[in-house]
Amino acid sequence: MDDSTRRLLQRLIRRIPAPMLKPTLEKWGRLTVAQRQSMDYTQRKWPLTEKLLSICEENEWTTKHITELEMICVIDNPNQGMWRAFQLMDPEDDAHSLELTQFKEQFKSHLSELVRHVSVKIKKHTDEAVWIRIAWGDGFSRPNHLKPTYVVHHLQTSFVFVTSLTSKQKPLLSQALVLSTRHHAIKDANLSGRNLTAIRDLLMRQYEQVFPTKYSSPLEEKNQTPSNPHIEREQAGPFANRLQMACEAFGGGTLPQLQSAVYKLETKFRDQTNRNMTEREEPFRCVVKFESTNLLESLRHSASSGIASTPVTPLLSSIPLKGRNYFVITDNGPGPASQMHPSQK
């Protein structure tokens with residue numbers, strides 16, 4: 001076992017939570033019964049790592065075997081990095097019939113043509129998602145397995161989710177994906193987050209959506225707390241309407257746990273009391289960022305409780321409607337500030 005493989009295994013064991021170490025190694029399936037029984041999981045990580053290193057050296061395992069273990073860890077714990085969503089565009093007529101074997105062969109072939117030294121491992125998960133691990137090299141150096149890129153793609157869909165991708169690697173990956181999925185282009189979906197499941201559910205509409213025509217009367221609040229009956233009667237109508245509009249804007253039931261939304265403002269400054277700023281040729285620029293452990297749930301509650309006004313502004317309702325959490329707000333031609341609208345950039 002060379003030094004780079006040793007470092008890869010050491011770093012990997014450090015990342016695995018102690019309670020998950022035993023089931024993860026069992027899922028890996030590389031250890032014999034005797035080797036599994038020789039592991040003392042009550043020990044600290046350092047002696048456990050040394051024990052595992054000695055077993056790997058005894059079995060003459062290579063980087064290939066260690067990356068198998070890494071893929072299991074990343075698939076089981078995907079929320080440890082920042083994921084960015086992309087959308088494939090203009091599918092060919094036979095794109096919907098693409099099979100896993102064809103995709104694997106074509107993706108590896110196309111990427112190898114673009115990068116001289118690259119290591120690609122592809123694994124299909126139980127939820128039908130195709131997971132791709134890419135260790136990048138270049139014309140002079142071997143693949144760096146300590147800084148891999150991970151790609152998740154559901155075949156027959158147009159969405160791709162990527163983490164740990166540099167600007168230099170992005171055009172190479174984009175070209176390989178476009179060719180191997182039989183599309184003509186790929187674009188940034190302007191959606192990112194640490195919760196892979198959340199951004200996937202948001203893009204694929206895998207959550208309870210509420211449409212204005214679906215309900216003949218306003219939605220009822222779930223788990224209402226008892227209060228004064230006179231106050232209840234007085235507030236019932238306005239509250240029910242706010243709740244209905246909030247659910248129409250953000251969805252009903254459990255919402256995807258999106259953690260942030262960014263609005264980049266590029267507009268003319270409008271304030272007659274500040275002529276220096278108002279008469280500037282350059283647009284006024286600033287960035288507003290909303291953060292929460294569950295942003296959509298927070299926004300829905302703010303609207304239904306009356307903290308935020310209803311109907312919900314398109315600037316906020318566009319998050320689930322367009323499946324994005326990054327917006328550039330520009331002037332929609334000359335006129336008042338009310339003509340501003342979120343536009344993609």
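Guide: In helix H2 (residues 18-28), Leu-21, Thr-24, Leu-25 and Trp-28 are buried. Buried means under 20% relative accessible area, exposed over 50%, and partly exposed in between (1.4 Å probe, protein chains only). Helices are DSSP runs of H or I with at least four residues, numbered from the N terminus. This is a predicted model, where local features need pLDDT of at least 70, side-chain atom pairs count only at pLDDT 80 or more, and totals for chains, interfaces and linings use all residues. Residues are numbered from 1 along each chain as its sequence is written, and side-chain values use heavy atoms, leaving out hydrogens and water.

Visitor: Why do the buried residues of H2 line one face of the helix?

Guide: Look down the axis: the buried residues of H2 fall within an arc of 100°, so they line one face. That arc is taken from the directions from the helix axis to the C-beta atoms. On the other side of H2, Pro-19 and Lys-27 are exposed.

Visitor: What covers the buried residues of H2?

Guide: The cover includes helices H1 (3-15), H4 (45-59) and H5 (63-76), with contact meaning heavy atoms within 4.5 Å. After H2 comes Gly-29, with a positive phi near 75°.

Visitor: How many disulfides does the structure hold?

Guide: Check for a pair of cysteine sulfur atoms within 2.5 Å; the structure holds zero disulfides. Cys-247 is buried at 7% relative accessible area, while Cys-286 is partly exposed at 28%.

Terms used:
Helix = DSSP H or I, 4+ residues; strand = E, 2+ residues; numbered from the N terminus.
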